[in-house]
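Dear colleague,

I am passing on the structure we spoke about, and I would be grateful if you could look it over alongside the notes that follow.

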Amino acid sequence: MENGNNAAASPEEVRRSPAFGWAARDTSGVLSPFTFSRRKNGENDVTIKILYCGICHSDLHSVKNEWQNSVYPIVPGHEIVGVVTEVGGKVDRFKVGDHAGVGCMVNSCRSCHECAGHHENHCPGMILTYNSTDVDGTVTYGGYSDSVVVEEHFAVRFPAGMPVDRGAPLLCAGITVYSPMKRFGFDVPGKHIGVVGLGGLGHVAVKFGKAFGAKVTVISTSPSKRQEAVERLGADAFLVSKDPDEMKAAWRLGEPWTA
Ligand SMILES: [Zn+2]
Ligand SMILES: [Zn+2]
């Protein structure tokens, strides 16, 4: 201020917008309110008001520093879905009001061999959605928050009609299983797919497999998962991996073991 009674905002603060999230501050697993800032929307950016964010097991590892790389405070969340509230002048895939998502990464070098081949997730300069250093040197904070600013290239369009809450897990768990199924040709009818473990990824794999027209056999250590696999998710068969007779019979038959 002119009279010097109030400190002027620094240039850094001027370029940033206030944000609110839930942060872990130590390994206790407890998250608490956290006020921070996001960069202002740039010409290639979209700003998303976050409506939902999935909980991935990676978030839990990060909160508790189980990978020994967490820098506190850490705001987890990389299955982000919301509504676009601002777009930069060079953005052409989004408009205000669209539903958009952000997965586990928010930027990459955009010039290396991997980036050129659309494998940004293998880029040595990949910037993760949280617990990573952004291009401006600030720390990235994830989707357990009210907003996110991301380059258009790393935002995902949500089709009209897709439920934003139930669609959120597709942004990490979903793409993790969809990508190899697509890449290795399991996206056509007539295949027989085995899904080992009916967890966060496994249950999505069953649903993709059935949607692709495959026979799906779930292989699990827990007989208690049988009902969910077969009746709720539509798996064609279920094998208990701890049951040697069942495994041996399935091996011999080479056909889906009947539920
Ligand atoms: Zn994840
Ligand atoms: Zn790159």
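**Helix packing**

Helix α5, which covers residues 173-183, packs against helix α6, residues 200-212, at an angle of about 50°, and their axes are 8 Å apart. An angle of that kind makes α5 oblique to α6, and the crossing of the two helices is right-handed. On the α5 side the contact is made by Ala173, Gly174, Thr176, Val177, Tyr178 and Met181, while α6 contributes Gly200, Leu201, Val204, Ala205 and Phe208. Please keep in mind while reading that this is a predicted model.

**Domains and annotation**

The chain is divided into two parts, domain 1 at residues 11-167 and domain 2 at residues 175-253, and the C-alpha centres of these domains lie 31 Å apart. UniProt, in an unreviewed entry, lists residues 200-248 as "domain: Alcohol dehydrogenase-like C-terminal". Over residues 200-248 the chain is 51% helix and 20% strand, with 27 Å between the end C-alpha atoms.

**The five-stranded sheet**

Five strands form an open sheet with antiparallel pairing, in the order β8-β3-β4-β5-β9. Because β8 (147-151) and β9 (156-157) stand at the edges and each has a single partner strand, one side of each is left without a neighbour in the sheet. For β8, the pairing is with strand β3 (residues 45-53), to which it runs antiparallel and is joined by five bridges. As to individual residues, Lys49 has Ser147 in β8 as its bridge partner.

Terms used. Residues numbered from 1 in each chain as written. Chains lettered and ligands numbered in written order. Predicted model: local features only at pLDDT ≥ 70, side-chain atom pairs only at ≥ 80, totals over all residues. Domains from an automatic or database assignment. UniProt positions renumbered as here; feature names shortened; annotations may be inferred. Helix = DSSP H or I, 4+ residues; strand = E, 2+ residues; numbered from the N terminus. Pairing = 2+ DSSP bridges. Axes fitted to C-alpha atoms, helices over the stretch in contact; angles between N-to-C directions. Parallel < 35°, antiparallel > 145°, perpendicular 65-115°, else oblique. Left-handed = near helix turned anticlockwise from the far one by under 90°. Contact = placed C-beta atoms within 7 Å.
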